Amino acid sequence: MKQTDWEVLRITATDAMKRAYAPYSKFPVGAAALVDDGRIISGCNVENASYGLTLCAECGLISSLVASGGGKLIAFSCVDISGNYLMPCGRCRQLLHEHGGASLQIMTDTGIKPLSELLPWAFGPEEIERRLD
Ligand code: THU
């Protein structure tokens, strides 16, 4: 498995952030992740005049993951307009859990944390599989 180059993730997330569509909040966000096959994927937030329809940067990133061949997320980072690391919102933690699992590494202001720390006791695909057996 490829070693995570966190600087590449930060630069890729920053590039994506510059393409964000955030005319309402004026809070552009960019996200980038390393996939288990070595791919780097990214996403940016896309807002809407109907505010509640806003797509977080992580939504675009997950769509890009699936559309470019799928795989498991290994490492993730998300930045704001100043290049500061952002914590993913609650909904996006769940999205990341589906495709990265509890061990997904998340870059934060206080270092790298596993997703299990951000989303303890997560509900995931294995819960459904267990109950369907
Ligand atoms: N946002 C993200 O893109 N990801 C997050 O995890 C937190 C919030 C976006 C949504 C909205 O366009 C803007 O940040 C302000 O909330």
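Predicted model: local features only at pLDDT ≥ 70, side-chain atom pairs only at ≥ 80, totals over all residues.

Mentor: We'll go through the salt bridges, then the ligand, then return to one of the helices.

Trainee: OK, how many salt bridges does a search of the whole structure find?
Mentor: The search finds 4 salt bridges. The term means a side-chain nitrogen of Lys or Arg within 4 Å of a carboxyl oxygen of Asp or Glu. In general, side chains of opposite charge can pair when their charged atoms come close.

Trainee: Which residue does Arg10 form a salt bridge with?
Mentor: Its partner is Glu7, with 2.8 Å between the closest N and O atoms. Both residues belong to helix 1 (residues 6-18), where they are 3 residues apart, about one turn of the helix. Helices here are DSSP runs of H or I with at least four residues, numbered from the N terminus.

Trainee: And how exposed are Arg10 and Glu7?
Mentor: Arg10 is partly exposed at 26% relative accessible area, and Glu7 is also partly exposed, at 39%. For the cut-offs, buried means under 20% relative accessible area, exposed means over 50%, and partly exposed is in between (1.4 Å probe, protein chains only).

Trainee: What does Asp37 pair with?
Mentor: Asp37 forms a salt bridge with Arg39, and their closest N and O atoms are 2.8 Å apart.

Trainee: Switching to the ligand, where does it sit?
Mentor: The ligand sits in the largest pocket. A pocket is found on a 1 Å grid over the protein atoms alone, as an open set of points where a 1.4 Å probe fits, with protein on both sides within 12 Å along at least five of seven lines. To sit there, a molecule must have more than half of its atoms within 2 Å of the pocket's grid points.

Trainee: Which residues surround the ligand?
Mentor: Among them are Ser25, Phe27, Asn45, Glu47, Met87 and Pro88; a residue counts if one of its heavy atoms lies within 4 Å of the ligand.

Trainee: Which backbone atoms lie by the ligand's oxygen atoms?
Mentor: A backbone N or O atom of Ala57 is 2.8 Å from a ligand oxygen, and one of Cys89 is 2.9 Å from a ligand oxygen. From a side chain, an N or O atom of Glu58 lies 2.9 Å from an oxygen atom of the ligand. On its own the ligand has 370 Å² of accessible area, and the protein covers 78% of that. Those areas come from the Shrake-Rupley method with a 1.4 Å probe.

Trainee: Is Glu127 buried or exposed, and what about Arg131?
Mentor: Glu127 counts as buried, at 18% relative accessibility, whereas Arg131 is exposed at 62%. Salt bridges that share partners join Glu127, Arg130 and Arg131 into one network.

Trainee: Where is Arg130?
Mentor: Arg130 is in helix 5. C-alpha to C-alpha, Arg130 is 18 Å from His99, and the two are 31 residues apart in sequence.

Key. Residues numbered from 1 in each chain as written. Heavy atoms only, no water. Helix = DSSP H or I, 4+ residues; strand = E, 2+ residues; numbered from the N terminus. Polar contact = N/O pair within 3.5 Å; in protein donor to acceptor, adjacent residues only side chain to side chain. 1 Å grid on protein atoms, 1.4 Å probe; cavity = no way out; pocket = protein on both sides within 12 Å on 5 of 7 lines; lining within 4 Å.
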